Amino acid sequence: MTREEIFERLKETLVSVFEIEESDIVPEARLGDDLDLDSIDAIDLVVKMKEYTPEGKPSIDASLFKSVKTIQDVIDAIASVWA
């Protein structure tokens, strides 16, 4: 899965599950400050993104999200697992 595909899946999830405006979801958006997501939301996001794990790739570990601050950080973290 490419970074662009990860970004699209991430946007779909943030819009449908967290009711965030799609226009607000840009790579530099900060999860807490810009998108108003808290640590519980981050766990929910990890669980939701696990559903998109490509066959044969490891599942996303929640610990990966301890240091993410922006949408781009999330994309990079997921891409590192699925590379």
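Isoleucine 78 is in contact (heavy atoms within 4.5 Å) with Ile6, Met49, Ile60, Leu64 and Phe65, leaving aside its neighbours within four places in sequence. These contacts come from a predicted model, in which local features need pLDDT of at least 70, side-chain atom pairs count only at pLDDT 80 or more, and totals for chains, interfaces and linings use all residues. Residues are numbered from 1 along each chain as its sequence is written, and side-chain values use heavy atoms, with hydrogens and water left out.

Isoleucine 78 belongs to helix 3. Helices are DSSP runs of H or I with at least four residues, numbered from the N terminus. Isoleucine 78 counts as buried because its relative accessibility is 0%. Buried means under 20% relative accessible area, exposed means over 50%, and partly exposed lies in between, with a 1.4 Å probe and protein chains only. Isoleucine 60 is 18 residues away from isoleucine 78 along the chain, yet their C-alpha atoms are separated by 6.9 Å.

Helix 3 covers residues 71-82, twelve residues in total. From first C-alpha to last, helix 3 reaches 17 Å, close to the 16 Å expected at 1.5 Å a residue. The expected span is 1.5 Å times one less than the number of residues. Ile71, Val74, Ile75, Ala77, Ile78, Ala79, Val81 and Trp82 are buried in this helix. Their cover includes helix 1 (3-18) and helix 2 (39-50).

Threonine 13 lies in helix 1. Its relative accessibility is 1%, so threonine 13 counts as buried. Beyond residues up to four places away in sequence, threonine 13 touches Phe18, Leu45, Lys48, Met49 and Tyr52. Met49 is also among the contacts of isoleucine 78.

The loop between helix 1 and helix 2 holds glutamate 19 and aspartate 36. Glutamate 19 has a positive phi of about 55°, although it is not a glycine. Aspartate 36 also has a positive phi, near 60°, and is a residue other than glycine. Glutamate 19 counts as exposed because its relative accessibility is 69%. Aspartate 36 is exposed too, with a relative accessible area of 66%.

Valine 68 sits in the loop between helix 2 and helix 3. Valine 68 counts as buried, because its relative accessibility is 12%. Not counting residues up to four places away in sequence, valine 68 touches Leu31, Asp73, Val74 and Ala77. Lysine 57 is eleven residues from valine 68 in sequence, and the two are 21 Å apart in space, C-alpha to C-alpha.

The largest pocket has a volume of about 310 Å³. Of the 16 residues that line this pocket, Leu31, Ser39, Ala42, Phe65 and Val68 are the closest to its centre. A pocket is an open set of points on a 1 Å grid over the protein atoms alone, where a 1.4 Å probe fits, with protein on both sides within 12 Å along at least five of seven lines; lining residues have an atom within 4 Å of a point. The volume is the space filled by probe spheres set on the points, which are joined across faces, edges and corners. The lining has nine nonpolar, two polar and five charged residues. Ala, Val, Leu, Ile, Met, Phe, Trp, Tyr, Cys and Pro count as nonpolar, Asp, Glu, Lys and Arg as charged, and the others, Gly among them, as polar.

Confidence is given by pLDDT, the predictor's score for each residue from 0 to 100. The chain has a mean pLDDT of 89, and 100% of its residues reach 70 or more. Confidence is highest in helix 1, at a mean of 95, and lowest in helix 2, at 86.

Conventions
Helices (H or I, at least four residues) and strands (E, at least two) are DSSP runs, numbered from the N terminus.
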